[in-house]
Structure formats: C-alpha cells, structure tokens
Amino acid sequence: LQRMLALAVEVDRSPTCSSRKIADDIFPFILNIPLRSQREALVNTMESQLLRCRLLELLFQHSCDVPTTSSMSLDKVLYFLSHSSVLPQFQDETAMWQRWDEMLQYLSLLLLSYHTFPLSSEHLRTSVSDRMKLIAQKAKARLQDSDDISQLDIQLKMNDFISRMQKTLGEPFPPQIQEKLFMLQ
C-alpha cells in the first residue's frame with residue numbers, strides 16, 4: 001500500500017497536487033483508525049514524505065480551533081504547536097498524557113517530513129522528470145520567507161506549549177513526554 005501511494009504521488013506532473021488529493025481522500029479513514037499503534041504504523045511507514053507531511057498537516061488543521069490557510073512552512077509548524085489542541089479523541093480510551101505523547105510524536109514527524117523538502121534537490125514538489133533536470137543542474141533549494149524563524153520564536157512557542165501541557169497533565173511529565181519535548185525543540 002505504501003509503495004502504491006508513493007508511486008501515485010510521483011507519477012503526476014505535480015506531486016504536490018497528487019499528495020493533496022490522496023491525503024484528502026485518506027484523511028477521514030485515519031480519523032477512524034481505532035488504535036494509536038495502527039495510526040502510527042500507517043504514518044511511520046509512508047514512503048512519500050510529501051504525502052506524510054500533508055496527512056499530518058490535515059490532522060493538525062483538524063485539531064486547531066482556528067485553522068490557518070498559510071502554506072506548509074516552519075512557521076506553520078510553530079502555529080500548530082501554539083494552536084492545536086490535543087489530537088481528536090480516537091476510538092481507543094487512552095490516558096491524557098498518551099494523547100499529548102501522540103501529538104508530540106506527530107509534530108516531530110511533521111517537522112522531519114517537511115525538513116526533507118529543502119534538503120532534496122529543489123523540492124520533492126517537482127515531477128520526477130523535472131527533478132532529474134534539477135539534479136543535473138545542481139539547483140539549490142529555495143526556502144520560503146515563513147521558513148525563516150528565530151531561536152527566540154521557537155523558545156517562546158515551546159514555553160507556551162509546555163505551559164498548556166502543565167495545566168492539563170501537572171508535573172512532572174512522564175519520561176516519554178520529556179524526551180519528545182527535547183527532540184522536538
């Protein structure tokens with residue numbers, strides 16, 4: 001399935017368009033996956049970083065009270081950090097700290113998936129045939145203005161996020177949460 005999804009993203013002239021269409025179709029099913037382990041298996045095994053990024057973006061948009069219309073960027077990841085609530089209650093009954101843990105896991109995956117775009121030749125958003133030309137030309141990736149964030153922005157958003165978690169979970173955080181917070185930051 002993952003290989004077929006990756007190929008479906010790549011065969012189109014515009015992988016961005018393909019990933020959006022596929023993610024829009026798959027997203028309602030992800031909301032109905034009953035167990036965290038099953039959701040994580042689906043997201044962790046995705047071969048297409050572009051599709052994974054789009055699915056996680058939809059998941060966080062769904063959990064925001066006020067969704068943003070900005071394009072995917074590091075600034076948008078910070079927006080999700082500040083504005084998304086704990087991920088929607090899925091069908092399994094999990095402890096609140098586990099829901100926060102899952103949210104942190106997906107935020108980290110979103111960041112890692114998005115981070116592969118500027119590192120790849122030009123972007124993963126170009127078609128395979130155009131990508132080969134860009135590799136031959138040794139084209140450099142273009143960062144967006146909204147990818148230029150400061151260390152202070154990150155620290156302020158992380159502090160706000162930790163404060164929200166402390167109100168819900170109390171202190172001290174479970175070791176899994178502390179580890180994921182450190183990795184995300």
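Before setting off, note that the model is predicted, with local features needing pLDDT of at least 70, side-chain atom pairs counting only at pLDDT 80 or more, and totals for chains, interfaces and linings using all residues. Residues are numbered from 1 along each chain as its sequence is written, and side-chain values use heavy atoms, leaving out hydrogens and water.

Let's begin with helix 8, residues 151-169. Helices here are DSSP runs of H or I with at least four residues, numbered from the N terminus. Its axis and that of helix 5 (residues 74-83) come within 8 Å and cross at roughly 25°; axes are lines fitted to C-alpha atoms over the stretch in contact, and angles run from 0 to 180 degrees between N-to-C directions. The crossing of helix 5 and helix 8 is left-handed, meaning that the near helix is turned anticlockwise from the far one by less than a right angle; clockwise would be right-handed.

Who touches whom? On the helix 5 side it's Leu78, Leu81, Ser82 and His83, and helix 8 brings Asp153, Ile154, Lys157, Met158, Phe161 and Arg164. Contact means heavy atoms within 4.5 Å. Sorted by class, the contact of helix 5 with helix 8 has five nonpolar, two polar and three charged residues. Here Ala, Val, Leu, Ile, Met, Phe, Trp, Tyr, Cys and Pro count as nonpolar, Asp, Glu, Lys and Arg as charged, and the others, Gly among them, as polar.

Helix 8 also meets helix 9 (residues 175-184), with axes that come within 12 Å and cross at roughly 165°. So helix 8 is roughly antiparallel to helix 9, and their crossing is right-handed. Met158, Phe161, Ile162 and Met165 of helix 8 meet Ile177, Leu181 and Leu184 of helix 9. This contact has seven nonpolar, no polar and no charged residues.

Back at helix 5, the axis of helix 4 comes within 10 Å and crosses at roughly 35°, in a left-handed crossing. Glu57, Phe60, Gln61 and Ser63 of helix 4 touch Lys76, Phe80 and His83 of helix 5.

Helix 4 gives the largest share of the lining, three residues. By class, the lining has six nonpolar, no polar and one charged residues.

Notes. Helix = DSSP H or I, 4+ residues; strand = E, 2+ residues; numbered from the N terminus. Parallel < 35°, antiparallel > 145°, perpendicular 65-115°, else oblique.
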